[in-house]
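Please keep the sequence and the model in view while reading.

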Amino acid sequence: MNQKASTIQHGGDHYTKMVIQPFRMSLANRYDGACHSILKYVSRHGDKGGPAQGVLDLKKAGHIALIRAEELARFPDSQILGVTVIEPETYCHANKISGLARDIILLNHQWATLGASLSANVDMAEKIMTMTNELLMETYGEDAL
């Protein structure tokens with residue numbers, strides 16, 4: 001039997017049960033590695049490995065946003081501009097992602113698809129970091145920070 005690779009997952013089912021998987025969204029929209037990681041961590045935080053893993057995923061998402069801003073400052077000509085093939089609203093609706101998680105995904109897409117200045121990159125990273133911290137507290141409590 002020839003099974004599609006996208007229907008197989010090793011180590012859980014948090015991606016295969018998504019209507020639109022993060023990898024498909026990232027590839028279609030030409031996200032760089034950092035924007036892809038932010039998308040996947042925010043998308044799966046509540047559905048992989050329990051609360052401890054969810055906390056870790058959101059902390060990773062915020063941290064990667066800060067790393068992306070730092071690296072774009074070091075190598076400004078290396079910024080990859082994404083496109084919009086799959087709308088982030090469509091992705092969120094299909095995967096039942098709402099609230100702050102949805103807002104982070106929309107902001108991440110905006111950041112991935114616009115050519116931002118150094119100060120705008122720092123602002124976007126700080127907004128994503130702040131929002132992931134808010135989502136952490138909202139979902140897992142203040143002790144999660």
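K96 counts as exposed, because its relative accessibility is 73% and the term exposed is given to residues over 50% relative accessible area, with buried meaning under 20% and partly exposed the range in between (1.4 Å probe, protein chains only). K96 sits in the loop between α4 and α5, and its phi is positive, at about 55°, although K96 is not a glycine. As background, most residues other than glycine have a negative phi.

R30 also has a positive phi of about 55° without being a glycine. R30 belongs to the loop between α1 (22–28) and α2, and with a relative accessible area of 53% R30 is exposed.

## Basis of the model

The model is a predicted one, in which local features need pLDDT of at least 70 and side-chain atom pairs count only at pLDDT 80 or more, while totals for chains, interfaces and linings use all residues. Residues are numbered from 1 along each chain as its sequence is written, and side-chain values use heavy atoms, with hydrogens and water left out.

## Overall architecture

The protein chain contains six helices and zero strands, so that its elements read α-α-α-α-α-α from the N terminus on, where helices (H or I, at least four residues) and strands (E, at least two) are DSSP runs numbered from the N terminus. Of the 145 residues in the protein chain, 43% count as buried. The accessible surface of the protein chain comes to about 8000 Å², and 54% of it belongs to carbon and sulfur atoms; such areas come from the Shrake-Rupley method with a 1.4 Å probe, and for residues only the protein chains shown count as cover.

When contacts (heavy atoms within 4.5 Å) between residues at least 6 apart in sequence are considered, 67% of them join residues at least 24 apart.

## The nonpolar core

The largest nonpolar core has 34 residues, and those with the most contacts inside it are I38, V42, Y91 and W111; a core of this kind is a set of buried Ala, Val, Leu, Ile, Met, Phe, Trp, Tyr and Cys residues joined through side-chain atoms within 4.5 Å. At least two residues of this core are supplied by each of α2 (33–44), α3 (50–74), α4 (88–94), α5 (99–113) and α6 (118–140), and the largest share, seven residues, comes from α5.

With residues up to four places away in sequence not counted, V42 touches L58, A61, A101, I104 and I105.

## Packing of α2 against α5

How do the axes of α2 and α5 cross? They come within 10 Å and cross at roughly 170°, where axes are lines fitted to C-alpha atoms, for helices over the stretch in contact, and angles run from 0 to 180 degrees between N-to-C directions. That makes α2 roughly antiparallel to α5, a description used for angles over 145 degrees. On the α2 side the contact is made by C35, I38, L39, V42 and S43, and on the α5 side by A101, I104, I105, N108, W111 and A112.

## Buried polar side chains

R44, in helix α2, is buried, with a relative accessible area of 8%. The R44 side chain makes a polar contact with the side chain of D57 at 2.9 Å; a polar contact is a pair of N or O atoms within 3.5 Å, of which, within protein, one must be able to donate a hydrogen and the other to accept it, and residues adjacent in sequence count only if both atoms are side-chain atoms.

N121, found in helix α6, counts as buried at 3% relative accessibility. The side chains of N121 and W111 are joined by a polar contact of 2.7 Å, and, leaving out residues up to four places away in sequence, N121 touches R68, A69, L72, Q79, W111 and A116.

I64 lies in helix α3 and counts as buried at 17% relative accessibility. The C-alpha atoms of I64 and S37 are separated by 7.5 Å, although the two residues are 27 apart along the chain. Apart from neighbours within four places in sequence, I64 is in contact with A34, S37, I38 and Y41.

T90, in helix α4, counts as partly exposed at 43% relative accessibility. T90 and I20 are 70 residues apart in sequence, while their C-alpha atoms are 8.9 Å apart in space.

How values were computed
Parallel < 35°, antiparallel > 145°, perpendicular 65-115°, else oblique.
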